[in-house]
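Subject: Structure handover

Hello,

Please find the structure below. My notes on what was found in it follow.

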Protein chains: 2
Amino acid sequence: MRTSTKSARQRGRPRSYDRDVALGAIRDVFWERGFSGTSLDDIAAAAGMNRPSLYGAFGDKRGMYFAALQLFAAESGRELQKALEAATLREALEAFYSRAIQDYLSGNGSPRGCLVVCTAVTEATGDSAIRSALAAILAEVDAAVAARIARAQAEGDRCTSGDATALARVATSVLHSLALRARAGARRSELMTIARTTAALIAG
Amino acid sequence: MRTSTKSARQRGRPRSYDRDVALGAIRDVFWERGFSGTSLDDIAAAAGMNRPSLYGAFGDKRGMYFAALQLFAAESGRELQKALEAATLREALEAFYSRAIQDYLSGNGSPRGCLVVCTAVTEATGDSAIRSALAAILAEVDAAVAARIARAQAEGDRCTSGDATALARVATSVLHSLALRARAGARRSELMTIARTTAALIAG
DNA sequence: ATATATTTGTACCAACCCGCATAATAAAGA
DNA sequence: TCTTTATTATGCGGGTTGGTACAAATATAT
């Protein structure tokens with residue numbers, strides 16, 4: 001359980017892994033191969049842990065996936081939120097997309113897109129808990145962008161008029177597509193053009 | 001092989017299945033569960049065929065998936081193309097999205113979204129042939145929409161100015177997101193609002 | 001030292017996986 | 001009727017799956 005901060009040194013044999021770095025590795029495997037496409041052997045190899053330790057730390061395979069999803073959402077949510085804080089809406093959207101594209105094209109092998117859009121969506125039909133988690137994450141990003149657009153409208157920033165919520169959903173829709181296009185092999189320049197065109201459409 | 005029309009009755013035991021309806025059933029299973037999440041038993045049950053017959057008709061599991069993908073792309077490509085033929089660009093885009101949303105929300109259980117966007121994307125990192133097929137399908141839809149936008153611009157139809165290719169990619173990006181939002185459980189009204197907002201943004 | 005607590009490593013389990021080998025079946029041709 | 005051809009049906013074989021039991025290992029507490 002270990003309450004995170006200082007540790008009063010536990011009693012038994014010490015862990016040979018760091019929970020956070022292990023979870024990062026697990027997230028990366030799921031990110032690349034998806035949930036159904038990933039085996040516990042894959043996970044064990046990536047995390048450098050054997051199965052009993054994995055099971056003890058994260059529960060079963062679904063538990064590992066949820067933990068990975070949560071980590072991904074938290075980290076990339078922070079990044080995107082930060083990008084949205086740029087001075088003008090147009091700059092905010094461009095930074096937002098730019099940052100996302102950076103992530104989507106990362107990875108050792110072929111580009112991985114977004115863990116949420118490119119792997120959780122697939123499992124959403126068969127697993128209602130994954131579907132809820134997915135919906136919640138999408139809604140969170142929608143809300144963040146809607147808030148930013150509403151702010152621009154309130155500030156009299158150059159922005160297309162109309163319902164901020166609906167405009168925001170269009171903006172995040174393009175984000176989703178950037179993820180899947182990246183995974184499909186689109187080149188960065190193509191993605192950036194789509195991003196800039198969208199930013200122009202929404203932020204005047 | 002059977003060249004589709006009349007048949008000169010083959011010599012051996014007659015087939016107990018119809019290749020087209022079987023492939024439709026196979027497409028539906030993959031559509032719901034994805035490639036990795038679908039077993040041959042699932043496929044056999046859905047198609048009402050036993051494994052050797054499946055193997056004889058479509059090759060291995062990947063072969064079945066490619067056939068399903070091709071069928072899906074051909075059918076929905078026809079539908080979308082037809083929707084795009086509406087008189088004005090705005091009507092065309094709205095029909096295009098509306099038709100897509102209809103499909104994305106269909107299915108016995110929970111909504112399935114789009115076979116390409118919601119299942120092929122996941123496998124794209126690990127299977128370069130699937131990645132190519134995916135990229136080709138995306139490009140085809142992009143091209144169809146780009147042609148429709150270019151036509152509107154040429155005809156002086158009310159349309160946002162700018163590169164037709166880039167605008168089209170924004171439009172299809174929203175299509176992709178509609179698919180995944182449907183699978184995530186979004187309600188029809190939400191999807192329709194996104195669709196109308198996008199059509200307004202692009203077609204003035 | 002000895003006991004206690006916690007984690008690791010090995011190895012195993014039953015279930016499932018995909019693909020195929022083989023035999024039974026159902027038609028046409030001779 | 002008997003052969004030939006094409007399909008269906010059964011079921012197996014080797015490998016992989018997710019999950020766990022159990023003993024060895026490594027720390028603290030007494």
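**DNA strand D**

Three helices each supply at least two residues of the surface near DNA strand D: α2 (40–47) and α3 (51–58) of chain A, and α3 (51–58) of chain B. Helices (H or I, at least four residues) are DSSP runs, numbered from the N terminus. A residue is near a strand if its C-beta atom, placed from the backbone, lies within 6 Å of it. This is a predicted model, in which local features need pLDDT of at least 70 and side-chain atom pairs count only at pLDDT 80 or more, while totals for chains, interfaces and linings use all residues. Residues are numbered from 1 along each chain as its sequence is written, and chains are lettered from A and ligands numbered from 1 in the order in which they are written.

With four residues, α3(B) gives the most to the surface near DNA strand D. By class, the surface has six nonpolar, eight polar and 11 charged residues. Here Ala, Val, Leu, Ile, Met, Phe, Trp, Tyr, Cys and Pro count as nonpolar, Asp, Glu, Lys and Arg as charged, and the others, Gly among them, as polar.

**DNA strand C**

Around DNA strand C there are 25 residues, of which Gly12(A), Arg13(A), Ser53(A), Ser39(B) and Asp60(B) come nearest. Two or more residues come from each of α3 of chain A, α2 (40–47) of chain B and α3 of chain B. The largest share, four residues, is from α3(A).

**Chains A and B**

The contact between the chains takes 40 residues from chain A and 39 residues from chain B; two residues are in contact if their C-beta atoms, placed from the backbone, lie within 7 Å. On the chain B side, α8(B) gives the largest share, 12 residues. That side has 15 nonpolar, 17 polar and seven charged residues.

Helix α9 (residues 188–202) of chain A packs on helix α8 (residues 164–184) of chain B at about 85 degrees, with their axes 9 Å apart. Axes are lines fitted to C-alpha atoms, for helices over the stretch in contact, and angles run from 0 to 180 degrees between N-to-C directions. α9(A) is therefore roughly perpendicular to α8(B) (65 to 115 degrees).

Regards

Technical notes:
Parallel < 35°, antiparallel > 145°, perpendicular 65-115°, else oblique.
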